[in-house]
Amino acid sequence: MRIGANYLGNGECEFTVWSPTLDSVAVQILTPQAQVIALKPQAEGYWQTKVNDVYPGTLYRYVLNEQNAFPDPASQYQPEGVHGPSQIVDRHFNWTDEAWAGIPVESMIFYELHVGTFTPEGTFSAIIPRLPQLRELGINAIEIMPISQFPGDTHIESALAYRNWGYDGVYPYAVQNSYGTPADLKELVNACHENGIAVVLDVVYNHFGPEGNYMSQFAPYFTATYKTPWGNAMNFDDAHSQGVRNYFIQNALYWLGEFHIDALRLDAIQAIYDLGAKHFLWELAEAVHHFSQQGQRWKRHLIAESDLNNPQIIRPVELGGYGLDAQWADDFHHALHTLLTGDRQGYYQDFGKFADLAKAYEDTFVYDWKYSPDRRRFHGVSCRDRPLSQFLVCIQNHDQIGNQMKGERLTARISFEGLKLAAGAVLLSPYLPLLFMGEEYGETAPFMYFVSHSDPDLIQAVRAGRKEEFEPFHYEDDPPDPESAETFLSCKLNWKLRNEGNHKILWDWYRQLINLRKTHPALLNQDRNFIQATSDEDKQLVIVRRWCETSELIFVLNFNSSPVTVTLPIKNNAHKLLDSADTSWSGSGSQTPEYLSAGEEVKLQPISLVLYEGE
């Protein structure tokens, strides 16, 4: 069942809403005539009617049981924010991406961005002029943090009225009004495709935000059977759950079809609880794959964020899986982050050995039914039956930066040499790499947690919750005020840095690594049987060998703050492709030979990466 306000043209609009427990539903058309038109009951709790003489731009609300009026749960636009009326949208758009054939998920190089802080303007339209620079870098997929309508202080007449990461959205079908209109988002997707860049949209199907959340007025969207960090879980397996499942499945198809989105990133799927025989994720993947096969020019993808370390999510249905295309693999990040920063608090206590990073290269999951001190239980299961190309890794993302009390990026925490080492660790890996906006040139602005609410009690609760979150770390200072406009503004990117000094060198380093990743046969081979990683705890090294039928690469990651001598596992001879210690990369000066014989020792500079190609 297609829900929401579906404009049919010629002044006719079809309204459909799911409310299985109500006695009556009517649509209130907010024109000078102020019509209230009853919807007719349909099967399985749906209500529907067609209304004439209404046009795009018209505001409306639903009147429930002849009493209170609320915005449409499937609203496509909320021009006055989460508490205001919904608006009828004209779906027509002149697409020019006819030649777009999509990008296979295994070839994607992701670039995560937050619309509000990526540009000074903080809009969809302002992203478009920056696409050529991303293309020059080698990016072929932007991942946009959630854009569903979230709350804001509407007393402020500027874009500052709405400050949020996007995970507090309450209208999954509605484009955030401060970012632009639905047509503006389509313009961005169209421009991305013209630049050879796919668009991944971050969607939240595990909860709704606290403000403007009127879902329970309409239907049993929640169940008390399970609890999440945000309260009662979404109702995916209790009474009336078929309407909730349809709501989110139609949402996925809405973004993929209406907006030509290439893939969806599903937020925190471990908080999607479903003990039914057919898990919601299985049904969602089935619907998306069916959509891709119905005359679409290119395949659409589903990528799960999950901390379960469970490959069932991405296994094919015929092997008992849910059939999603890829999933995040946090163990790689945690293993690398602890070696770079020395962090051992919270979930980082589970990592810190060089053998962890070597295992992450070979086995993906460090915790594959191993005891986790942080969780105080056994965690994960082996995923060696799944291709390496089904896992996404990073050294920074919105969560890992935002989880620092002051939103510090790695730029503020490790040396320039460490930044180059980290970039190589990810981009030379066999996994799908994700960069967080600004990482590629060493952005100095933080990415702190920020919100904008109109409810004073909710504002205080958020502040208190943020402070409580960091109490175990015994920081002397309080975390930055998430409600402050200054907190939000301080997170805006300093785009001009990419042309200056070491920022420009780091940008060139990233571009070189991405180009190698896209062109070298050994790096294009994502077969799990063609990678070998070893570690040395005393010398603080990880050595990775990748190969294919025609070529071989060996790279060594030196985390030691002193020079280290090592013999690389080279069979015959090899020549050097990269050394981050070279003066051309603003290093202290490489001491590794250009050509290397089997058994020959090499001297590595502190905190460096060296890459050799076998001959």
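Let me begin with a term: a residue is called buried when its relative accessible area is under 20%, computed with a 1.4 Å probe. Please bear in mind throughout that this is a predicted model.

Under that cut-off, 61% of the 615 residues of the chain are buried. As for secondary structure, the chain contains 15 helices and 31 strands.

Turning to overall dimensions, the C-alpha trace spans about 85 × 50 × 50 Å along its principal axes. Among contacts with a separation of 6 or more, 72% come from residues 24 or more positions apart.

The surface comes next. Its accessible area is about 23200 Å², and carbon and sulfur atoms contribute 48% of that. The charged side chains number 47 positive and 78 negative, with the centres of the two sets 4 Å apart.

Now to the helix, H11, which covers residues 416-427. At 1.5 Å a residue, its 12 residues should span 16 Å; the end C-alpha atoms lie 17 Å apart, which agrees. Is H11 buried or exposed? Of its 12 residues, 12 are buried, so the helix is largely enclosed by the rest of the structure. The buried residues include Phe-416, Leu-419, Leu-421, Val-426 and Leu-427.

Thank you for your attention.

Methods
Residues are numbered from 1 along each chain as its sequence is written. This is a predicted model: local features need pLDDT of at least 70, side-chain atom pairs count only at pLDDT 80 or more; totals for chains, interfaces and linings use all residues. Side-chain values use heavy atoms; hydrogens and water are left out. Helices (H or I, at least four residues) and strands (E, at least two) are DSSP runs, numbered from the N terminus. Buried means under 20% relative accessible area, exposed over 50%, partly exposed in between (1.4 Å probe, protein chains only). Contact means heavy atoms within 4.5 Å. Accessible areas come from the Shrake-Rupley method with a 1.4 Å probe; for residues, only the protein chains shown count as cover. Lys and Arg count as positive and Asp and Glu as negative; His and the chain ends are not counted. The place of a charge is taken as NZ of Lys, CZ of Arg, CG of Asp or CD of Glu. The expected span of a helix is 1.5 Å times one less than its number of residues.
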